[in-house]
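Biologist: Could you take me through the strands and the parts that pack against them, slowly, as I am new to this structure?

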Amino acid sequence: MQIIKGNKNIKWYVTEALYQSEGDTPDKTEEVYFYSDGFFGFSKNFSSKLAAGKIKTKDLENLSVDEKYAEECAK
């Protein structure tokens, strides 16, 4: 797991996840989670962008989260 300090007191957590695939080998992907203002959440949006190569792990330092992520979080 990588922990990345972002701006505005956000901490990003990038971890590898294994999912069962239709073949014999599992699919491995990176998932992005964040902690901000007392909330811990999963970012489907940034996880998808990271998997597609649209952003790099280092880019998380400059990204922020907004209220649209609230439904993906737990306090």
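**A close look at the strands**

Modeller: A search of the whole structure finds 2 salt bridges, a salt bridge being a side-chain nitrogen of Lys or Arg within 4 Å of a carboxyl oxygen of Asp or Glu. Before we go on, please keep in mind that this is a predicted model, in which local features need pLDDT of at least 70 and side-chain atom pairs count only at pLDDT 80 or more, while totals for chains, interfaces and linings use all residues. Residues are numbered from 1 along each chain as its sequence is written, and side-chain values use heavy atoms, with hydrogens and water left out.

One of the salt bridges joins the side chains of Lys28 and Glu16, at 3.8 Å from N to O. This pair links distant parts of the chain, as Lys28 is in strand S3 and Glu16 in strand S2, 12 residues apart. Helices (H or I, at least four residues) and strands (E, at least two) are DSSP runs, numbered from the N terminus. Lys28 counts as exposed because its relative accessibility is 56%, and Glu16 counts as exposed at 53%. Here buried means under 20% relative accessible area, exposed means over 50%, and partly exposed is in between, with a 1.4 Å probe and protein chains only.

Now to the strands themselves. S2 covers residues 11-19 and S3 covers residues 27-36; they pair in the antiparallel sense over 9 bridges. Two strands count as paired if DSSP finds at least two bridges between them. Within this pairing, Trp12 has Phe34 in S3 as its bridge partner. Thr15 is also found in S2, and with a relative accessible area of 22% it is partly exposed. Thr15 and Glu30 are 15 residues apart in sequence, yet their C-alpha atoms are 5.5 Å apart in space. Leaving aside neighbours within four places in sequence, Thr15 is in contact (heavy atoms within 4.5 Å) with Met1, Thr29, Glu30, Glu31 and Tyr33.

On we go to strand S4, residues 39-42, which pairs with S3 in the antiparallel sense over 4 bridges. Tyr35 stands opposite Phe40 in S4. S3 and S4 form a hairpin with 2 residues between them, and Asp37 in the turn has a positive phi of about 50 degrees.

The aromatic rings come next. The structure holds 5 aromatic pairs. In one of them, Tyr33 and Phe40 have ring centres 5.7 Å apart and planes at 5 degrees, so this pair is stacked. Rings of Phe, Tyr and Trp (its six-membered ring) pair if their centres lie within 6.5 Å; planes under 30 degrees apart count as stacked, over 60 as edge-to-face and the rest as tilted. Tyr33 counts as partly exposed because its relative accessibility is 22%, and Phe40 counts as partly exposed at 39%. Ring pairs link Tyr13, Tyr33, Phe40 and Phe42 into a cluster.

What follows S4? Ser43 lies in the loop between S4 and helix H1, residues 44-51. At 0% relative accessibility, Ser43 counts as buried. A polar atom of the Ser43 side chain lies 3.1 Å from the backbone nitrogen of Phe46. In a polar contact, a pair of N or O atoms lies within 3.5 Å; within protein, one must be able to donate a hydrogen and the other to accept it, and residues adjacent in sequence count only if both atoms are side-chain atoms.

Phe46, Ser47 and Leu50 are buried in H1. They cover an arc of only 105 degrees around the axis, which puts them on the same side of H1; the arc is that of the directions from the helix axis to the C-beta atoms. Lys44 and Ala51, on the other side of H1, are exposed. The cover over the buried residues of H1 includes S2, S3 and S4. Just after H1, Gly53 takes a positive phi of about 80 degrees.

Asn7 is found between strand S1 (2-5) and S2, and it counts as partly exposed because its relative accessibility is 30%. Beyond its neighbours within four places in sequence, Asn7 is in contact with Glu61, Asn62, Leu63 and Ser64. Glu61 also meets Lys58 in a salt bridge between side chains, at 3.1 Å from N to O.
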